[in-house]
Amino acid sequence: MKSFFHKILSIALASLVFFTTMSFTVDIHYCGDSLVDFALFHNAQTCGMENQPSQKSCEEGFSEKPCCSDTQIVVEGQDDLNSSFTKLSFEQQAFVATFFYTYFNLFDGLDKNIVPFRDYTPPNLIRDVQKLHETYLI
């Protein structure tokens, strides 16, 4: 169960890093108010109406807005990930050195089995004190 949970968590974190660093572009082409083409990662195809000549006469004016429009949505990924730790400050170096020194010296005295009362004999019991005072641990 623990191994399965560990694998699921590692896949989730890897996909999180992947999707936060990935960038993509969405191109959308409209003719009037209707959506004509939607493209992810490449340019959207046009409907061909932007190359046709205008049907307006000279009396109506020249400030005609084209009926076709293109919209581009760009989602930039994250590029400032720290992938290497080659440059450590003095405080970081001091912390790493102190951590390793204390961690490795933590286990120096644990391999000996020291019993401090091995050379002493237990005291002689003259009478049972608990029974004398009638105090019992429950």
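This note goes through the strands, one histidine and the cysteines of a predicted model.

1. Basis. This is a predicted model, in which local features need pLDDT of at least 70 and side-chain atom pairs count only at pLDDT 80 or more, while totals for chains, interfaces and linings use all residues. Residues are numbered from 1 along each chain as its sequence is written, and side-chain values use heavy atoms, with hydrogens and water left out.

2. The sheet. An open sheet is formed by 3 strands in the order β2-β1-β3, with antiparallel pairing. Strands here are DSSP runs (E, at least two residues), numbered from the N terminus, and two of them pair if DSSP finds at least two bridges between them. β2 (34-40) and β3 (68-75) are at the edges with a single partner strand each, so one side of each has no neighbour in the sheet.

3. Strand β1. Residues 24-31 make up β1, which is joined to β2 by 6 bridges, the two running antiparallel. Tyr30 has Leu35 of β2 as its bridge partner.

4. His29. This residue lies in strand β1. His29 is buried, at a relative accessible area of 1% (buried means under 20%, exposed over 50%, partly exposed in between, with a 1.4 Å probe and protein chains only). Its side chain makes a polar contact of 2.4 Å with that of Asp70 (a pair of N or O atoms within 3.5 Å; within protein, one must be able to donate a hydrogen and the other to accept it, and residues adjacent in sequence count only if both atoms are side-chain atoms).

5. Cysteines. The structure holds 0 disulfides (pairs of cysteine sulfur atoms within 2.5 Å). For Cys68, the nearest cysteine sulfur is that of Cys31, 3.1 Å away. Cys68 is buried, at 13% relative accessibility.

Conventions. Helix = DSSP H or I, 4+ residues; strand = E, 2+ residues; numbered from the N terminus.
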